[in-house]
Amino acid sequence: MRRKPLRLLRPKFYLAEDVKKPLVNKRKARPTKLRASINPETVLIILVGRFKGKRVVFLKQLTPGLLLVTGNVFFVGPFKINGVPLRRVNQSYVIATSTKVDISGVNVEKFDDKYFGKKVEKKKKKGEGEFFEAEKEVTLIFVPLCSRGCKRRLGWAGLG
């Protein structure tokens, strides 16, 4: 096997600054694996956040791997049982208990990530004309000083 000539191995020019090559991401997105101790109907204890220490019921796993939990088993009204609303929780922030609750009458099909998403309205950009029109609309009104009799007639007796 012959060696390549040295002139082919060396680059023809060197850049003034080093250009970093982006690293190739070889990882593939996989759905989060649900812990074996967490099943629907399982009572969980929340470890962090506003509802720390509260017991909730696991209903289902959402697409990004978050758990759909509620303190209100039959959706009678918010905060009915222990003050925890229907919410999403990461499974690393809960402890599963051995207690089970029957949730066979609960329909959780309509709850997905879109249900919890915020509706963001796009703001309209003002053009130059609209910007100057907005300035014209702001007007200052000066109230002339009146005597007490003038204020009494106008119904401003309580003002200074």
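This is a predicted model: local features need pLDDT of at least 70, side-chain atom pairs count only at pLDDT 80 or more; totals for chains, interfaces and linings use all residues.
Which residues form a nonpolar patch on the surface, and how much accessible area do they have together?

**Figure 1. Surface patch formed by Leu47, Val48, Tyr93 and Ile95.** These four residues make up a nonpolar patch on the surface, and their accessible area together is about 330 Å². Val48, one of the members, is located in the loop between S1 and S2. With a relative accessible area of 41%, Val48 is classed as partly exposed, because that category covers values between 20% and 50%.

**Figure 2. The largest nonpolar core of the chain.** This core has 11 residues in all: Ile38, Leu44, Ile46, Phe51, Val56, Phe58, Leu67, Val69, Val84, Val89 and Val94. At least two residues of the core come from each of strand S1 (42–46), strand S2 (55–61) and strand S3 (67–70). A separate, second core comprises eight residues, among them Val57, Leu68, Ile103 and Val108. In soluble globular proteins, nonpolar side chains tend to be buried together.

Figure 3. When residues up to four places away in sequence are not counted, Val94 touches Arg35, Ile38, Leu44, Ile45, Ile46, Leu47, Leu67 and Val89.

Figure 4. A polar atom of the Thr42 side chain lies 2.6 Å from the backbone oxygen of Asn39. Apart from neighbours within four places in sequence, the contacts of Thr42 are Ser37, Val56, Val57, Phe58, Ala96, Thr97, Thr99 and Lys100.

**Figure 5. Context of the close-up views within the chain: four helices and five strands.** Read from the N terminus, the order of elements is α-β-β-β-β-β-α-α-α. The chain has 160 residues, of which 20% count as buried. Its accessible surface comes to about 14,700 Å², and carbon and sulfur atoms account for 56% of that area. Considering contacts between residues at least 6 apart in sequence, 57% join residues at least 24 apart.

How values were computed. Residues are numbered from 1 along each chain as its sequence is written. Side-chain values use heavy atoms; hydrogens and water are left out. A nonpolar core is a set of buried Ala, Val, Leu, Ile, Met, Phe, Trp, Tyr and Cys residues joined through side-chain atoms within 4.5 Å. Buried means under 20% relative accessible area, exposed over 50%, partly exposed in between (1.4 Å probe, protein chains only). Contact means heavy atoms within 4.5 Å. A polar contact is a pair of N or O atoms within 3.5 Å; within protein, one must be able to donate a hydrogen and the other to accept it, and residues adjacent in sequence count only if both atoms are side-chain atoms. Patches are made of residues with over 30% relative accessible area and no salt bridge: like charges are joined within 9 Å, nonpolar side chains (Val, Leu, Ile, Met, Phe, Trp, Tyr) within 5 Å. Accessible areas come from the Shrake-Rupley method with a 1.4 Å probe; for residues, only the protein chains shown count as cover. A salt bridge is a side-chain nitrogen of Lys or Arg within 4 Å of a carboxyl oxygen of Asp or Glu.
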